[in-house]
Amino acid sequence: MYKLSIFDQLVKQIPRRAFQSLVENSDADKWVKSFTCWQQLVAMMFAQLSAQTSLRDVVAAFNAHPRRHYHLGLRPLARSTLADANADRPVAVFEALLHKMLGMLTGGVATDARNAVRLLDSTIISLSHKMHRWAQFRSNNCGIKVSMVLDPDQQSPTFFEIAPARITDQTLAHQMPIEPGATYVFDRGYMDAAFWAKLDEKGCRFVTRAKKNYLLDDVKKRIDPTPEIFADDLVRLHGKRGLKYPGLLRRIVFYCEETQQTLVFLTNDIDSKAIEIAALYKRRWQIELFFRWIKQNLEMKRFLAKNPNAVRLQIIPALIAFVALKLLQQASRTDVPLKRLRALAKCNIFNLCAMENLLRPSPWKPPDQPDDQLLLSFPGQ
């Protein structure tokens, strides 16, 4: 019989020594007597992977399998202990773990940095207006913003940031690390000349859509033979924005037959074909699909507490669980969709079975009948 449960196999994707080093460096367990950061992380991952919607359900479901606690390094949970830890425990140690696991997943920057594409965007996770008034950013809306950089080739994030929804995308963009030589694709929420200058200093390409209120000075008009390209001009930013980013930009007017819309792109790539720039921006839709996936398949609709710290400590373990699923998918060398893998983990979370056996179950065979068994024959058979 297999000795590890499905949940054990997912937890083993976490670099425990690295996590313990992060805990020791931050003194996160300094005044903790029994319920450590590791135990809290495992408990919140269980809540995520088993799709529990309240702390009482988390505790009841976890404590119903006492024989599975030993390999996890846990004891039976108490609701009050878990609630207090989520409200008071520092978030930074779990964020650092997630960043480290993202590096394990993507394998770092591509060998040829010119081929590394990074999609930059953010999404708002809605919160209850009655329970989370601290997260209000409009008259009747409450939420928290998750800003992310996605590697479309690996279909996994390389950086994330959790912030109140009222903080603008431009402010969060200045806080993210920039990979030298990579290509960044983002929408009009990141129209910031100072941010573009940072990308240009690192030797990065960027592709975005133009806003109507961004005044541009024409420098040179060029002709492109592609029928979808209506214009391909060299321009500069006008006024004070031009002082922040004095370099040349390229304005491409592209007609999309699928949506029957005319799109205007801005990029600092002067040499590539205009149709290639349009194709690069089309890849940005993948981060929208990724946000849709995590909202539909991770438990982010109902939160276990209304404390701001507890909300963050539900989102971060959700992303850690996602990365653990991706790492287990890579280890299993399977092309099974991640959605199915998550469903199998949910239904068999404490079953003693290898993930490979769940993905490729052996065909069922009827049991062999012993030779000395009495056979009963009835008329008509």
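A residue is termed partly exposed when its relative accessible area lies between the limits for buried, under 20%, and exposed, over 50%. In the predicted model described here, Gln175 has a relative accessibility of 47% and therefore counts as partly exposed. Gln175 belongs to the loop that runs between helix α8 (169-173) and strand β4 (183-186). When neighbours within four places in sequence are set aside, the contacts of Gln175 are with Phe159 and Glu161. For Glu161, the separation from Gln175 is 14 residues in sequence, and the C-alpha to C-alpha distance is 8.7 Å.

The strands of the model include an open, nine-stranded sheet with mixed pairing, in the order β3-β2-β1-β4-β5-β9-β8-β7-β6. Its edges are formed by β3 (156-164) and β6 (216-222), each of which pairs on one side only. From one strand to the next, the twist averages 25 degrees. Within this sheet, β1 (residues 117-127) and β4 are paired in the parallel sense over four bridges, and Val117 stands opposite Thr183 of β4. Helix α9 (residues 193-201) packs on the sheet, where it touches β1, β4, β5 (205-209), β7 (229-237), β8 (249-256) and β9 (261-267). The direction of α9 makes about 160 degrees with that of β4. Helix α13 also packs on the sheet, touching β1, β2 (142-151) and β3, and its direction makes about 175 degrees with that of β3.

Helix α14 (residues 338-347) has five named buried positions, Leu338, Leu341, Arg342, Leu344 and Ala345. These residues lie on the same side of α14, because the arc they cover around the axis is only 160 degrees. In an α-helix there are 3.6 residues a turn, so residues three or four places apart point the same way. On the other side of α14, Lys339 and Cys347 are exposed.

Key
Residues numbered from 1 in each chain as written. Predicted model: local features only at pLDDT ≥ 70, side-chain atom pairs only at ≥ 80, totals over all residues. Heavy atoms only, no water. Buried < 20%, exposed > 50% of the residue type's maximum accessible area, 1.4 Å probe, protein only. Helix = DSSP H or I, 4+ residues; strand = E, 2+ residues; numbered from the N terminus. Arc of directions from axis to C-beta. Contact = heavy atoms within 4.5 Å. Pairing = 2+ DSSP bridges. Axes fitted to C-alpha atoms, helices over the stretch in contact; angles between N-to-C directions.
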